[in-house]
Amino acid sequence: MRTIKYVALSVVAGLVIGVPLWMVLVNAAKPFAEARTPGFGLPHDWALVDNFRTVLTEGRAGVGLLNSLLITAGSVAFILIAGSMAAWVFGRSASRPVRLLFYASIVGILVPAPVITSVYLDAQLGLQGTRLSLIGLYAGVYLSLAIFLITGFVRSVPRELEEAAQLEGAGRLRIFATIVFPLLGPVLFAAGIVLWVFIWNDFFYAFFLLSGESRQTLPLGLFAVVSSNSHSTNWNYVFADVIVVSLPLVLVFVLGQRRILAGVMAGGIKG
Amino acid sequence: MKRTLLSLLLATTLLASCGNPMAKTESQSFPQAATDLNGVTLTVWQSNTLQAGYKSLFADFEKATGAKIRPEIFPDPYESNLLTKWATGTRPDLMIFQSTASFMRRLDPAKNLYDLTGQDFVAKQRFGLAKTAAVLDGKNYGLSLEPPSVFGLWYNKQLVPKPPTNLTELVSTCKTIKRSGATPLYDAGGDQWTTQILPFMLWTDAMKAGLQDKLNDNQAQWTDPAVVDALKAYKSLVTEGCFNSNLKTGTYAEQQEKFVAGQVAMIPQGTWISSDFVKSVGVATMNQNMGWQALSTTSPTAAYSTTFSVQMPRTGNAKQEQAAAAFLKFASGAGYQHFVDVQKQAPALTGFTTPSEVPAATQAAYAALESDGTSYPQLFAADFGPFPTYMSKLINGSSTPEQVAADLQAAWAKSAKTAGLTGF
Amino acid sequence: MTTSLRARAGTAGFLLPALVVVAVFYLVPNLLNFALAFTDWSAYKDTIAFTGLANFRELLQEGALSTGLRVTVIYAVVVMIAQNLAGLLLAFALEKPSRVHAFFRAMFFLPVLISPLAAGYVFKALLADDGPLNRAAGIEVSWLGSTTWTIVVVALVNAWKFMGVNMLVYIAGLNAIPGELLESARTDGASRWRTIRSIQLPLLAPAITFNFVTTLIGAFNTFDIVFAMTNGGPGDSTQVLNMFIQQQYAQGYYGYSISMGLLLLLLVCAVAFPLLLTLRRREVDA
C-alpha cells in the first residue's frame, strides 16, 4: 500500500515538478540555436557558462541581485521591527481606540495596495521611481500581515516577565528590546520568510514603481532578457536567468527546509 | 480614530487638488554639440527591433568621441512598456522609436523633447520624412536614419509568376496556389502585430481618397464601409483557407522561415523584413526568388509609415544634452554612410550612396515611395487602440469585422478626446 | 497622572512607525482611488479635472468592464478550486511526518519560491504549439491559442505555483486535530473515507477558510503569470483586470485605469469580506 502511494507520488512529482524543472535546466545549458524551440533533450553543445555570463553582463543580473537584496532586506527588516513594536501595544491593550487602530492596520491582508495611485503619491512626495518608494509600498501593505501574526503571538506570551522588569524600573524601550523582541523569534522567522518570498518575487509593483536599469530588481531583469529579441525569444538566456532569479531562494530553502516549512505552517494556521 | 481618518481624507484631498505631478515644464534652446566627450555615458532607450546598423553606429560614435553609449531595450509592446517607465519621470539622453503622431503626442514633446525643426539634418531628409516622421503640430522632433516602412506583398517568384495588384487578384491567386499545395498566405496570429499589415494595405485606397483626413478631422468614423470591407476581406481570406493553418498561433519567426523555405507563397510585410532575409539567404538568392508588389483593394498603392527616429528628451543636464546633440550630428554626418552600409538600406538623408546590397524587391518598394501616386503615408492624428488585439479577436472568431471597426472607433474617439484634438 | 501620560506617549511612540507607514503608503493611495477615479488625469494634460462618472461610463461602453470582470472571475474560481483541491490532496497524502514525506513536501513547495513571472515564462515555453510538451507527447494542442480554454490553462499554472502554500496550511490543520479523535474513530471501525468526511474535513474549517480567502484574493489581483504567459491574449480572452489597468496606464490614461482599479478594490471587498464572514460562521457551527 505504502509502496503504491510512494510510486504514485513520485510519478506526480516527476510530471508536475520534474518536467518543468528539467526543461529549464537542459535548455539553460544549450546554445541559442539549439534552444530556439526548447525541448527535453540534453544539449549537443554545452553553453551553460556562456549563458550565465551573458545573463550576468547583458542582463545585469549582478545589479538586479543587489537591488533585490537591498529592497527585500530593507522592507522585511522594517516590517518586522515596526510591526513587532505595534503588535506589542496591540497585544497588550484592550482599549477601544487601540483595537480600532489594530483593525485599520490589518486591512491590507485582504485589500491590496492600489498601484497607480501609489505612483501618483510617490510623484507628490518626490520619491518617484526610487527604491524607497517601493520599500514604502511593500511596508505599507505587508505590515498588515506582520502585525496580525505577531499580535496573535504576543497574546500567547505571558506578561509576568515584562511586569517583573517594569517593577525593577526598566523603561519600555528596554523591556521591548531585551525581553519582548527576543521572545518573538519563532513568529518573526515565519513572517519573515513569507514576506521575503512575496517581496523577492514581486514583479507587478516593481514594474510600475521603479525606474532606470540601475534600480532594477531580478524579476525586472528577467523581463528585460525575455524581451531583448523581438524575432524569437532567446530561451537559453531566459532559462539561465530564471535560474539566477530563483536560485537564491531555492538554496536558502534547501539549507533550512525543515525549519522553513515548519515556520510557514505555524504562521499559516494562526490565520 | 475618527480624527485620523479625517486628517487622512484631508491629506488626500490636498494631494488630489495639486496639479498633474507628471507634468514638467522646461524651455531650453537646442544645446551646442559638445566636442570632448570622454567620460560621458549616454543612455539610449530603444525598441527591440532595431537592426545591426544602430549597434555599429554606437560603436563608431564611441570610437570617434570617447563617449559611452548604454542602450536600454524596450520590449514589445514597447509603447506601453516605454510609457510605463516614462511616467515614472525617467528620461534617457536619446530614444529611438517608431514615431507616429499618436505616440509622439503621449510624450508631450513640446515640454519633454527638443524641437529639431531648424536643424540642418532635417532639411536633408529624403522621402518626405521631414514632414511625416516624429512630427507633431508642425514641429519636427526626430532624426530619421531609415527610410519609411513600406507595406506590401512579398512573394515567391516561383510560386507566384504574376503577383496580384488588387484584392480580386489576390483572392484568385490564392485559389491557384492552394491547388498547387503550397500555403498562399502566412500571418502570425501568435505574435499578433503582423496581422495589422494586410488591413493597412487594403484600406490604403480609401485613406488616400480622403478617408484619413476625414478621420483626423472627425468628419468620418472608423466604422466607415471602407474599413469594414478591408476587415471583411481579411476574414474571408481566412475562411477561404488562404492563410497558414496555424494562423492563430503562428509567429513572425516562422513566417520568415516558411517563406524562405518556399512553403509559403506570399506574406504581407513591411520593408523591415528585408534585412532579415539578407541575413538568412543573402541578396543573390533574394533577387532570384523574392518579389515585392504594392497592393490595396482596387489599385497597386503601397501604404507606408514612418519608422524609427532618434529623439532627444530634455534631461536638464547640460553636459549630457550637449553629448546627445553631438550624437545627432555624428549620426547624420560622419557616421551615417557606414550605418547605411551595415543596414543595407537606402539612405534617408541626401548626399549618401545606396549600398549595392539592397535587394531588388526592397528597391521596388522604395521606388513606389518616390514615384507619384503609388504610395500613401499613414498619418493618423490619434491612436486606434490595441489593433492587434482586435485582429486576434477577429481571427479567433470572437469579433466580427463590424465589431472590430466599432472597437477601433471607440479607442480612436477616446484617444482623440483625451489628447484634446480639435473637432472631437 | 504623569505616569499615565508618559505611558500613553510611550504607547504612541511604539505604534507610530508602523501606523505612519501604513497610513502614508497604504491608506492614502487607497483613498486617492476614490478621488482620482473621477478625474481625467492623463499623460496628455498638465491639469487634472473632475469628470464625474465619465470614466465609469466609458468602462461600460468599451465593454472593458464586462470582459475584465468575466475573465477575472473565471480565473479566480478556477484557481480557487484547483489550488485548494491540489493542496488538500497533497496534504492528505503527506499529512504524517516522515523523511519521505518531508522530501515530497519540499518538492511540491518548490514552485512557491519561484517568481510568478519566471513560472509564466517557463510554462509559455513548455506549452507552445511546437513546444516540448506537444512534441514529446505527440499531440497538437494549442494550449495558449484558445479564446475559451487558455484562461483555464493560465489559472492552472497559478494553482501549480501556489498549491504548496495551501498544502502546508492543510497539513498544519490536519496535524492540529487531536489524535484521540482519530483513534476513537478507528476503534469504532470507521472507514478512511468516513474519517476524512466526518472528522477531518469539518475540523479543517479554519484552514479551509484561510486558504479559500487568500487564494481568491490572490487570484483577483493576478498579473505576473498572465503577463508572462499570454499578455492578455488570444484576443482579450485572458485580459484580467490588472492587465487592463496596466495597458490603460501605459497608454497614458491614468485616471481611467484608476477607475478600473477602484472597481477591482470594490470587487475584492465585496467578495472577500462576506466570504470570510460566512466561512467563519460555518466554522463556529461545525
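Chain A puts in 80 residues and chain C puts in 84 residues.

Housekeeping before going on: this is a predicted model, where local features need pLDDT of at least 70 and side-chain atom pairs count only at pLDDT 80 or more, while totals for chains, interfaces and linings use all residues. Residues are numbered from 1 along each chain as its sequence is written, chains are lettered from A and ligands numbered from 1 in the order in which they are written, and side-chain values use heavy atoms, with hydrogens and water left out.

**Entry: A against C**

I looked up the buried area, meaning the accessible area (1.4 Å probe) that two parts lose on being put together, summed over both. For chain A and chain C I got about 7,100 Å², with 82% of it on carbon and sulfur atoms. On chain A's side, L110(A), I116(A) and M265(A) supply 10% of the area buried against chain C, more than any other three residues.

Next I checked for salt bridges (a side-chain nitrogen of Lys or Arg within 4 Å of a carboxyl oxygen of Asp or Glu). There are 0 between chain A and chain C. Polar contacts did turn up: 12 residue pairs, both residues at pLDDT 80 or more. That term means a pair of N or O atoms within 3.5 Å; within protein, one must be able to donate a hydrogen and the other to accept it, and residues adjacent in sequence count only if both atoms are side-chain atoms.

Which helix of chain A gives the most to the side that touches chain C? Helix α12 (residues 235–270) does, with 16 residues. I used helices as DSSP runs (H or I, at least four residues), numbered from the N terminus. By class, that side of chain A holds 60 nonpolar, 15 polar and 5 charged residues. Here Ala, Val, Leu, Ile, Met, Phe, Trp, Tyr, Cys and Pro are nonpolar, Asp, Glu, Lys and Arg charged, and the others, Gly among them, polar.

**Entry: C against B**

Here the contact takes 35 residues from chain C and 35 residues from chain B. The buried area is about 3,000 Å², and carbon and sulfur atoms give 58% of it. In chain C, Y44(C), D46(C) and Y253(C) lose the most area to chain B, together 20% of what that side buries.

I found 2 salt bridges between chain C and chain B. K414(B) forms a salt bridge with E62(C), with the closest N and O atoms 3.5 Å apart.

Note on methods. Contact means heavy atoms within 4.5 Å. Helices (H or I, at least four residues) and strands (E, at least two) are DSSP runs, numbered from the N terminus.
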